[in-house]
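Let's take a walk through this one together, with the structure open beside the text. We'll look at some charged pairs and at one helix.

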Amino acid sequence: MNYTHEVEQMQCVKIGASHGCAPIPQEGKWVYSKQITDISGLTHGIGWCAPQQGACKLTLNVKEGIIEEALIETIGCSGMTHSAAMASEAIVGRTVLEALNTDLVCDAINTAMRELFLQIVYGRSQTAFSEGGLPIGAGLEDLGKGLRSQVGTTYATKDKGPRYLELAEGYITRLGLDADGETCGYEFISLGIMMDKIKKGMDANEAMKEATKTYGRFADAAKYIDPRCE
């Protein structure tokens, strides 16, 4: 260890009271976190790239410092989806410190990893007060039936008004307009459910029909339009 001349010439003063680090809540316990293996918890976070053209939602399930489970969801950038695939291989099995310093290619994923690191090492995880935390696989439950991300895509112009394209329920095929021309409901296809039925051998047209539902006052609409071409 190298010291400057000024420090070497200083007289030694004994350090008094030292209370150590404060405990943080983790999976139903108060933990004095002194090393990376003391970190556990499941948490979510959002990251964004420098030009802010894309975003990443990252879910990590950490046990004793090791990332045991990761869910990576991206939007807004075609290249980012490939980076996400790489990141899912790059960070699982690593400590949260290793993952923080892993080249995850995309700024949005790097930023999400940074935000999650800050949450989890300060005891701000989603499972801070959940005894035993959540089992590996809990992150997958965020996707729900059909294992698809919760996506919302709408578009609007001043002259032509709003278009609902995809919402949490699914891919929107028709908008229902009331007598005043305002949206009163919509028809959608749950793509996850449809693909599950197709994989089990159901005819694609029949599977699409069974996975098609409506929301709101769609049945009472005065007019129906295709949001993508009308």
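What does Arg148 count as by its relative accessibility: buried, partly exposed or exposed? Keep in mind that this is a predicted model. Arg148 comes out at 33% relative accessibility, so it counts as partly exposed, since the in-between class sits between 20% and 50%.

Glu166 has a relative accessible area of 16%, so it is buried.

Lys57, at 27% relative accessibility, counts as partly exposed, whereas Glu73, at 13%, counts as buried. Salt bridges with shared partners also bring in Asp142, joining Lys57, Glu73 and Asp142 into one network.

The side chain of Lys63 forms a salt bridge with that of Glu27, at 3.0 Å from N to O. Lys63 is in strand β4, and Glu27 is in the loop between β1 (24-26) and β2 (29-31), so to speak 36 residues away. With a relative accessible area of 11%, Glu27 is buried. In total, the count comes to eight salt bridges.

Next up is helix α2, residues 78-91. Its 14 residues, at 1.5 Å a residue, should span 20 Å, and the end C-alpha atoms are 21 Å apart, which agrees. Which of its residues are buried? They are Met80, Ser83, Ala84, Ala87 and Ile91. Looking down the axis of α2, these buried residues fall within an arc of 110°, so they line one face of the helix. On the other side of α2 you'll find Ser78, His82 and Glu89, which are exposed.

And what covers the buried residues of α2? The cover includes β4 (55-63), β5 (66-75), α3 (96-100) and α4 (107-121). Following on from α2 is Gly93, with a positive phi near 90°.

Technical notes
Residues numbered from 1 in each chain as written. Predicted model: local features only at pLDDT ≥ 70, side-chain atom pairs only at ≥ 80, totals over all residues. Heavy atoms only, no water. Helix = DSSP H or I, 4+ residues; strand = E, 2+ residues; numbered from the N terminus. Expected span 1.5 Å × (residues − 1). Buried < 20%, exposed > 50% of the residue type's maximum accessible area, 1.4 Å probe, protein only. Arc of directions from axis to C-beta. Contact = heavy atoms within 4.5 Å. Salt bridge = Lys/Arg side-chain N within 4 Å of Asp/Glu carboxyl O.
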